[in-house]
Amino acid sequence: MKKVVMAVVMGAVISVGGAFAADGKAVFQSKGCTACHNPTVDTVGPSLKKIAKAYAGKEQQLIEFLKGHGKAIVDPAKFPIMQPQLNQLKSLSDAELKALAEFILSHK
Ligand code: HEC
């Protein structure tokens with residue numbers, strides 16, 4: 001039982017400690033990305049877990065995609081559904097884009 005409590009407490013500390021991840025989550029939610037992206041289950045769009053796997057170690061490439069410069073690598077056939085969503089991100093600063101990418105990548 002003690003072990004379980006410790007694990008929960010440690011988990012809370014780690015998620016609060018990741019300040020970038022917290023901001024990225026806020027961006028993700030405020031831009032309506034949650035409508036099509038679930039953390040673990042594929043819905044309209046691929047799960048964040050699947051995206052994080054595809055972009056593991058490629059944070060810069062993910063940021064380029066979010067800026068509208070990259071090519072879809074997760075599910076290119078459905079990119080026409082995703083493409084208009086990228087307009088939501090045009091107003092973001094580099095720091096916010098980085099936070100968003102880090103939030104997505106934290107779902108491995
Ligand atoms: C209307 C539904 C919808 C919304 C809203 C949406 N997405 Fe997507 N997204 C998709 C679909 C479908 C795909 C699969 C096509 C693809 O891989 O580009 C996708 C793919 C992606 C990918 C993987 C790109 C790749 O390389 O294949 C990322 C990253 C992503 N979305 C981020 C976001 C972010 C950030 C937001 C919020 C601004 C968002 N999505 C909002 C439907 C959506």
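Me: Before we start, what counts as a pocket here?
Reply: A pocket is an open set of grid points where a 1.4 Å probe fits, with protein on both sides within 12 Å along at least five of seven lines. In this predicted model, the largest pocket is the space taken by the ligand.

Me: How many residues surround the ligand, and which are the closest?
Reply: The ligand is surrounded by 25 residues, and the closest are C33, C36, H37, Y55 and M82. By class, that shell holds 17 nonpolar, four polar and four charged residues, and the helices α4 (59-66) and α5 (79-82) each supply at least two of its residues.

Me: OK, on to the metal: which protein atoms are donors of the iron atom?
Reply: The protein donors are NE2 of H37 and SD of M82, which lie 2.0 to 2.1 Å from the iron atom of the ligand. H37 sits in the loop between α2 (19-30) and α3 (48-54) while M82 sits in helix α5, so the pair, 45 residues apart, links distant parts of the chain.

Me: And what geometry does the iron site have?
Reply: The site is octahedral, with six donor atoms and angles of 89 to 179° among them. For six octahedral donors, the ideal angles are 90 or 180 degrees.

Me: Where do Y55 and V74 come in?
Reply: A polar side-chain atom of Y55 lies 2.4 Å from an oxygen atom of the ligand, and a backbone N or O atom of V74 lies 2.7 Å from a ligand oxygen atom.

Key:
Residues are numbered from 1 along each chain as its sequence is written. This is a predicted model: local features need pLDDT of at least 70, side-chain atom pairs count only at pLDDT 80 or more; totals for chains, interfaces and linings use all residues. Side-chain values use heavy atoms; hydrogens and water are left out. A residue is near a molecule or strand if one of its heavy atoms lies within 4 Å of it. A polar contact is a pair of N or O atoms within 3.5 Å; within protein, one must be able to donate a hydrogen and the other to accept it, and residues adjacent in sequence count only if both atoms are side-chain atoms. On a 1 Å grid over the protein atoms alone, a cavity is a set of points where a 1.4 Å probe fits but cannot get out, and a pocket is an open set with protein on both sides within 12 Å along at least five of seven lines; lining residues have an atom within 4 Å of a point. A molecule sits in a cavity or pocket if more than half of its atoms lie within 2 Å of its grid points. Helices (H or I, at least four residues) and strands (E, at least two) are DSSP runs, numbered from the N terminus. Ala, Val, Leu, Ile, Met, Phe, Trp, Tyr, Cys and Pro count as nonpolar, Asp, Glu, Lys and Arg as charged, and the others, Gly among them, as polar. Donors are N, O and S atoms within 2.8 Å of the metal (3.2 Å for Na, K and Ca); water is not among the atoms, so sites may look incomplete. Four donors count as tetrahedral if all angles lie between 85 and 135 degrees; four count as square planar and six as octahedral if opposite donors are over 155 degrees apart and all others between 65 and 115; anything else is irregular.
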